[in-house]
Amino acid sequence: MTEPIELPPAPERAPSYGAIVIPSYGMSKWETGSEYRLSFFSGVVTRAAYELWKKGVAPRIIIEGAKIFPGDPNNDGDLMKQFLVKLAENDGLEFPEDSIVQRRDNKNTYTQIADAKSAVQELGITQKVLTVYCDLHELRVPALIRKYGINSDTRVAEEVLSEKYPAFAEVWNLIKSDPSYKRTKAMEFVLFMLLKIDPYDTFARFISSKRFKSKGADVPDVRHRRTVRSY
């Protein structure tokens, strides 16, 4: 009887990216008198980044936190970090101390992506990064990454979660067909086009800030299958 051949252990797979970058999307106040909570979009992008981190795609997650809306009680990156830690605990995992990099003092999508470039440089990351963002910004985020010269691939958070969770894919299909969401995407197209004629994004930033400060943002209320204002 021949002795079984003992094979050497398979080599560990190196991470594909130096980091996962996630922009934030403000806080939501779902109903009058209710507490502020992490918005749908911030939750989705955080969950997608966690799933990719868990697969070993990158060793760290860079949170581009911000106070986007005037009523936001605190930097939404604080809640995004708490959510990441909770997701890991639920899976019996733990984030190493340097695996979550939290950035602050951003005000909109433009400053978030610009700060992401600074964060990557400050951390000494020479490898390509992966920016995970919501479909809400499917045009602007890739355009800003190119414009600011960031060495990054991109993934849409809703697509990441739809591939893993069929139940989420069903909800996402409902949200995409919501008239309010379609109006928001129309504004996304306008702001994207402005990037082509505005070298410093001054006009686009002005329109974006005025619109959201006066009206808030349309966000999905998944529990009731409808879209509501963030505040």
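## Ground rules

Because the model is predicted, local features need pLDDT of at least 70 and side-chain atom pairs count only at pLDDT 80 or more, while totals for chains, interfaces and linings use all residues. Residues are numbered from 1 along each chain as its sequence is written, and side-chain values use heavy atoms, with hydrogens and water left out.

## The chain as a whole

The chain has eight helices and nine strands; these are DSSP runs numbered from the N terminus, with helices (H or I) of at least four residues and strands (E) of at least two. Of its 231 residues, 51% count as buried. Here buried means under 20% relative accessible area, exposed over 50%, and partly exposed in between, using a 1.4 Å probe and protein chains only.

Take the contacts (heavy atoms within 4.5 Å) with a separation of 6 or more: 71% of them link residues 24 or more positions apart.

## A cavity and a pocket

Rolling a probe the size of a water molecule over the atoms shows where empty space is left. On a 1 Å grid over the protein atoms alone, a cavity is a set of points where a 1.4 Å probe fits but cannot get out; a pocket is an open set with protein on both sides within 12 Å along at least five of seven lines, and lining residues have an atom within 4 Å of a point. Points are joined across faces, edges and corners, and a volume is the space filled by probe spheres set on them.

There's one cavity of 30 Å³ or more. Its lining is made of Val21, Ile113, Ala116, Val129, Thr131, Ile145 and Ile150, with helix H3 (109-122) and strand E6 (129-133) each giving two or more residues. By class, that's six nonpolar, one polar and no charged residues. (Ala, Val, Leu, Ile, Met, Phe, Trp, Tyr, Cys and Pro count as nonpolar, Asp, Glu, Lys and Arg as charged, and the others, Gly among them, as polar.)

The second largest pocket holds about 260 Å³. Helix H1 (residues 40-54) gives the most to its lining, with four residues, and the lining includes Phe40, Arg47, Phe83 and Tyr165. Seven of the lining residues are nonpolar, two polar and one charged.

The structure has seven aromatic pairs. Rings of Phe, Tyr and Trp (its six-membered ring) pair if their centres lie within 6.5 Å; planes under 30 degrees apart are stacked, over 60 edge-to-face, and the rest tilted. Trp172 and Tyr181 are edge-to-face because their ring planes sit at 80 degrees, with centres 5.7 Å apart.

## Spots to click on

Lys185 sits in helix H7 (residues 179-195) and is buried, at 17% relative accessible area. Lys185 touches Asp135, Leu136 and Glu138, leaving out residues up to four places away in sequence. Asp135 is 50 residues from Lys185 in sequence, yet their C-alpha atoms are 8.8 Å apart.

Gly56 lies in the loop between H1 and strand E4 (61-66), partly exposed at 33% relative accessibility. Beyond its neighbours within four places, Gly56 contacts Pro15 and Ser16.
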